[in-house]
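Here is a short report on one protein chain. Read it with the structure open beside you.

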Amino acid sequence: MLLNELTGIKNQSDKSLNDLIIDFIAKNYKKIGIGSFAAVFDNPKKSNEVIKFWFNDPAYEEYITFALKHPSKHFLKVYKTGKLTLNLNDETLKLKYAKIEKLNRTERFDDFSSGIELSEVLHFIESVDLTILKLPYILELASKEFNKNGNLPDDVSEFIVNVYSLHKALGDKHNFDLDSRNVLKRGKDFVIADPYYSFNST
């Protein structure tokens with residue numbers, strides 16, 4: 001796939017990565033952020049979307065594939081994925097991208113509708129062994145930790161169940177990296193945005 005096949009980008013198949021970024025800025029693409037393995041830009045044609053670019057991030061690629069196959073309010077909405085051709089001097093590189101939903105950052109004291117703070121739930125998830133322990137036992141431990149009138153709140157339970165199912169699918173392949181930086185918000189719902197990393201990412 002060439003660069004001119006990406007919505008809003010035309011006649012750029014011979015551009016370097018630096019040229020591409022400059023052209024994005026010139027075309028009023030607002031840079032949202034650059035992480036260790038990816039860069040994210042606003043999609044000026046769709047205010048509810050962002051475009052994430054990376055060269056090699058197998059953990060993220062497997063996560064968005066999982067999210068596409070297992071829709072949940074706690075998983076990222078992915079609208080389109082693809083590859084772009086970059087011609088850099090004598091070398092041709094493939095730049096991967098995903099058009100994903102635009103989400104909001106979480107704040108320090110954000111909580112579930114039941115009043116339990118996200119940070120407390122993330123700390124609990126980090127403290128249990130998702131690989132060895134069975135889900136019913138994890139939920140039993142969570143019930144003791146977050147007891148509300150003798151029960152584990154449904155919103156917290158649902159989040160833990162989703163994290164567990166995700167970890168069962170990908171946890172033995174990549175390194176778990178679920179903290180408040182990698183959980184965003186869609187309205188009042190917490191969304192897992194980028195929960196794993198790979199040492200061979202570039």
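## A charge over a ring

The charged end of which residue sits over the ring of Tyr 60? That residue is Lys 52, and its charged end is 3.6 Å from the ring centre. A charge sits over a ring if NZ of Lys or CZ of Arg is within 6 Å of the ring centre and within 35 degrees of the ring normal.

This is a predicted model, in which local features need pLDDT of at least 70, side-chain atom pairs count only at pLDDT 80 or more, and totals for chains, interfaces and linings use all residues. Residues are numbered from 1 along each chain as its sequence is written, and side-chain values use heavy atoms, with hydrogens and water left out.

## The chain as a whole

The chain has five helices and ten strands. Both are DSSP runs, numbered from the N terminus: helices are H or I with at least four residues, strands are E with at least two. Of the 202 residues, 46% count as buried. Buried means under 20% relative accessible area, exposed means over 50%, and partly exposed lies in between (1.4 Å probe, protein chains only).

Now take the contacts (heavy atoms within 4.5 Å). Among those in the chain with a separation of 6 or more, 57% come from residues 24 or more positions apart.

## Aromatic pairs

A pair of aromatic rings is described by the distance of the centres and the angle of the planes. Rings of Phe, Tyr and Trp (its six-membered ring) pair if their centres lie within 6.5 Å; planes under 30 degrees apart count as stacked, over 60 as edge-to-face and the rest as tilted. The structure holds nine such pairs. In one of them, the ring centres of Phe 53 and Tyr 97 are 6.2 Å apart and the planes are at 45°, so this pair is tilted. Phe 53 belongs to strand β3 (residues 49-54) and Tyr 97 to strand β5 (residues 91-101), so the pair links distant parts of the chain, 44 residues apart. Both Phe 53 and Tyr 97 are buried.

Phe 66 and Phe 75 make an edge-to-face pair, with 5.4 Å from centre to centre and 75° between the planes. These two are buried as well. Phe 41, Phe 53 and Tyr 97 form one aromatic cluster.

## Helix α5 and the cores

Helix α5 (residues 154-170) has 17 residues. From first C-alpha to last it reaches 24 Å, close to the 24 Å expected at 1.5 Å a residue. The expected span is 1.5 Å times one less than the number of residues. The buried residues of α5 include Val 156, Phe 159, Ile 160 and Leu 170. Among the elements that cover the buried residues of α5 are α2 (58-69), α3 (118-127) and α4 (135-145).

A nonpolar core is a set of buried Ala, Val, Leu, Ile, Met, Phe, Trp, Tyr and Cys residues joined through side-chain atoms within 4.5 Å. The largest one has 46 residues, of which Tyr 63, Leu 76, Val 121, Phe 159 and Ile 160 touch the most other members. α5 gives the most to this core, with seven residues. Apart from it lies another core of seven residues, among them Ala 39, Phe 41, Leu 84 and Tyr 97.

Two strands pair if DSSP finds at least two bridges between them.

Two bridges join β6 to β8 (residues 183-186). Arg 105 has Leu 184 as its bridge partner, and Asn 104 has Lys 185.

## A histidine in a loop

Is His 174 buried or exposed? His 174 is buried, with a relative accessible area of 11%. His 174 lies in the loop between α5 and β7. Its C-alpha is 5.6 Å from that of Ser 198, 24 residues away along the chain.
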